[in-house]
Amino acid sequence: MPRIGCTLCQRRNVLLVGGSSGIGAELAELVELSELLAMYGANVVVTGRDRQRLNAVVERCRIAQPTQIIQPLPLDLTAPDRALNRAIDTASAALSRWEH
């Protein structure tokens, strides 16, 4: 796995889309990535369309990295009406609640 400089993810918020299945879920559960993000204090929001699968992925991540701040955000980014902007706004609002 390539090394990522600490300034890239230190105390940042990471939005991982498509995390309820496929490549997105694999990335969310990748131990090396979660360890790296946890080491630098990054918060992670994982989005996905399937709430049940998304919650299962996030729960496995929490078990693997109990100190990591990782939250599920059920969201359908296939909706054409500015879905990505809504995702970012929703994730930002959620993270601001979790940080307090």
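Mentor: The crossing of α2 and α4 is right-handed, a crossing being right-handed if the near helix is turned clockwise from the far one by less than a right angle and left-handed if anticlockwise. This is a predicted model, in which local features need pLDDT of at least 70, side-chain atom pairs count only at pLDDT 80 or more, and totals for chains, interfaces and linings use all residues. Residues are numbered from 1 along each chain as its sequence is written, and side-chain values use heavy atoms, with hydrogens and water left out.

Trainee: Which residues make the contact of α2 with α4?

Mentor: On α2 they are A25, A28 and E29, and on α4 they are V57, R60 and C61. Contact means heavy atoms within 4.5 Å. Helices here are DSSP runs of H or I with at least four residues, and strands are runs of E with at least two, numbered from the N terminus.

Trainee: At what angle do the axes of α2 and α4 cross?

Mentor: The axes of α2 (residues 22-29) and α4 (residues 51-64) cross at roughly 20° and come within 9 Å. The two helices are therefore roughly parallel to each other, since angles under 35 degrees count as roughly parallel, over 145 as roughly antiparallel, 65 to 115 as roughly perpendicular and the rest as oblique. Axes are lines fitted to C-alpha atoms, for helices over the stretch in contact, with angles from 0 to 180 degrees between N-to-C directions.

Trainee: And which residues of α2 are buried?

Mentor: They are G24, A25 and A28, where buried means under 20% relative accessible area, exposed over 50% and partly exposed in between (1.4 Å probe, protein chains only). Seen down the axis of α2, these residues fall within an arc of 95°, so they line one face of the helix. The arc is that of the directions from the helix axis to the C-beta atoms.

Trainee: What covers the buried residues of α2, and what sits on the face turned away?

Mentor: The cover includes β1, β2 (43-48) and α4. The face turned away from the buried side carries the exposed residues I23 and E26.

Trainee: Changing topic, where is N13 found?

Mentor: N13 is in strand β1 (residues 13-16) and is partly exposed, at a relative accessible area of 43%. N13 and N43 are 30 residues apart in sequence, yet 4.7 Å apart in space, C-alpha to C-alpha.

Trainee: How many helices and strands does the chain have?

Mentor: The chain has five helices and three strands, running α-β-α-α-β-α-β-α from the N terminus.
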